[in-house]
Amino acid sequence: MTFKASVITLYPEMFPGPLGVSLAGNALDRGDWQLDVIALRDFGEGKHKRVDDTPAGGGAGMVLKPDVLAHAIDSLGTDERPRLLMSPRGKPLTQARVRDLACGQGAIIICGRFEGVDQRVIDARGLEEVSIGDYVLSGGEPAALVMLDAVVRLLPGVMGNEQSGEHESFESGLLEHPQFTRPNEWEGHKIPEVLTGGNHGKIAQWQREQAEKLTLERRPDLISGSSNQGTATAIMPALPVNDLRDGVTFYKDVLGFKCVYLDEGGYAVLQLDQVELHLWLANDDDWKTREKGKPIVSGAESFLAGTHSCRIEVDGVEALYERLKSSKFIHPNAKLEKKEWGSTEFGVLDPYGNLVIFFEWI
Ligand SMILES: C[S@@+](CC[C@H](N)C(=O)[O-])C[C@H]1O[C@@H](n2cnc3c(N)ncnc32)[C@H](O)[C@@H]1O
């Protein structure tokens with residue numbers, strides 16, 4: 001289905017504007033996306049086609065009327081497209097949201113003006129407020145153009161080289177590494193040698209290191225997930241196994257994880273919904289010779305313990321237990337049970353003696 005943007009605005013002449021040239025403009029001409037501009041003024045009231053009124057409770061400026069805006073929105077009929085209101089109060093636009101929009105059918109985009117929009121129409125028509133940054137524009141149109149530019153370039157066929165979108169800033173959670181092109185030497189400055197050496201592994205490593213360095217310097221919040229350095233946001237257990245492939249297979253086939261990273265040299269990253277678990281290859285002599293299923297913590301079989309352990313909160317712990325209870329991996333001393341502290345839980349002993357407790361607060 002072709003991505004369709006319907007923009008409601010008091011200034012239809014501002015569209016397609018910059019979206020009518022270059023990549024977005026060519027794509028529009030080819031029909032790779034559609035733009036439908038709705039003049040809000042057409043829905044205005046009376047001889048002067050009035051669209052706004054003074055703010056309730058007093059104050060400067062004017063507010064867009066709910067009935068007028070609702071008529072404009074309703075004129076588009078009902079469809080599945082998100083209804084986005086450009087607004088400095090909105091959730092900041094991110095590359096992830098842009099990609100999400102590019103995967104959809106399109107969007108209905110409402111451009112505010114004056115002091116903004118009557119709250120009742122925002123609530124009644126389920127408008128999602130989207131901000132393009134912490135500053136105030138005089139209208140939503142430039143914000144809509146910015147957002148659409150970011151979305152349209154990700155639509156299939158719009159960028160000549162599809163790959164060029166994947167390695168850009170924010171796509172990997174990092175800012176992009178510095179770029180260079182010929183001449184090899186300019187005003188006495190040379191292109192970093194690694195980039196002209198032809199070793200693709202080294203080039204990739206250099207680019208990754210540069211991206212991390214730049215991000216740490218300029219946008220540490222992207223790395224920590226928070227502008228407060230040192231704020232803890234997640235915990236990831238790392239469990240030892242003495243056969244990495246075998247371990248990955250167990251966590252995939254028995255517990256339903258998916259493997260998102262596997263380094264045969266000794267490390268794997270697994271995910272189950274929002275949860276991440278790491279496996280590392282314990283290949284010292286003690287581990288090489290030890291039998292599978294024999295935890296190295298003494299007394300582990302007779303009491304509830306494992307080589308290492310972690311606790312994973314899940315929805316539907318009882319259903320998960322039902323699925324796993326006939327497998328040989330339920331810890332004999334950790335069958336499904338409601339604990340005094342309020343959680344219902346059971347434990348799985350993996351083939352390496354690690355204890356994984358699944359729990360739910362029910
Ligand atoms: C002058 S602004 C209104 C600002 C509003 N009184 C406030 O303080 O939040 C007029 C319109 O510009 C648009 N706008 C302004 N800044 C924006 C931003 N950072 N992101 C998205 N839209 C913005 C919105 O559509 C808004 O309704």
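Modeller: Lys 49 sits in the loop that runs between β2 (33-39) and β3 (52-53). Strands here are DSSP runs of E of at least two residues, helices are runs of H or I of at least four, and both are numbered from the N terminus. The model is predicted, so local features need pLDDT of at least 70 and side-chain atom pairs count only at pLDDT 80 or more, while totals for chains, interfaces and linings use all residues. Residue numbers start from 1 along each chain as its sequence is written.

Lys 49 is not a glycine, yet its phi is positive, about 50°. Most residues other than glycine have a negative phi, and most peptide bonds are trans. Lys 49 counts as partly exposed because 13 other C-beta atoms lie within 10 Å. On this scale, 20 or more other C-beta atoms within 10 Å of a residue's own make it buried, 12 or fewer make it exposed, and partly exposed is in between, with C-beta atoms placed from the backbone.

Glu 187, also not a glycine, has a positive phi of about 50°. Its loop connects β8 and β9 (189-190). Glu 187 is exposed, because 5 other C-beta atoms lie within 10 Å.

Two loops contain a cis peptide bond. One joins Phe 15 to Pro 16, with omega near 0°, and Pro 16 belongs to the loop between β1 and α1. The other joins Arg 182 and Pro 183, with omega about 5°, and Pro 183 lies in the loop between α5 and β8 (185-186).

A further positive phi, about 50°, occurs at Asp 273, in the turn of the hairpin formed by β12 and β13, which has 2 residues between its strands. Strands β12 and β13 run antiparallel and are joined by 6 bridges, with Leu 272 opposite Val 275 in β13. Two strands count as paired if DSSP finds at least two bridges between them.

β10 pairs with β13 (residues 275-281) in the parallel sense over 4 bridges, and Leu 239 faces Leu 279 in β13.

A nonpolar core is a set of buried Ala, Val, Leu, Ile, Met, Phe, Trp, Tyr and Cys residues joined through C-beta atoms within 7 Å. The largest has 42 residues, of which Met 86, Ile 109, Ile 110 and Ala 144 touch the most other members. Elements that give two or more residues to this core include β1 (3-9), α1 (22-30), β5 and α5. The most, 7 residues, come from α5. Another core, apart from this one, has 21 residues, among them Val 241, Tyr 321, Tyr 352 and Phe 358.

The ligand brings β5 and α5 up again. Its shell has 19 residues, of which Met 86, Gly 112, Leu 137, Gly 140 and Ala 143 come nearest. A residue is near a molecule if its C-beta atom, placed from the backbone, lies within 6 Å of it. β5 (83-92) and α5 (140-152) each supply at least two residues of this shell, and β5 has the largest share, with 4 residues. The shell holds 8 nonpolar, 8 polar and 3 charged residues: Ala, Val, Leu, Ile, Met, Phe, Trp, Tyr, Cys and Pro count as nonpolar, Asp, Glu, Lys and Arg as charged, and the others, Gly among them, as polar.

For context, the protein chain has 11 helices and 17 strands, and 25% of its 362 residues count as buried.
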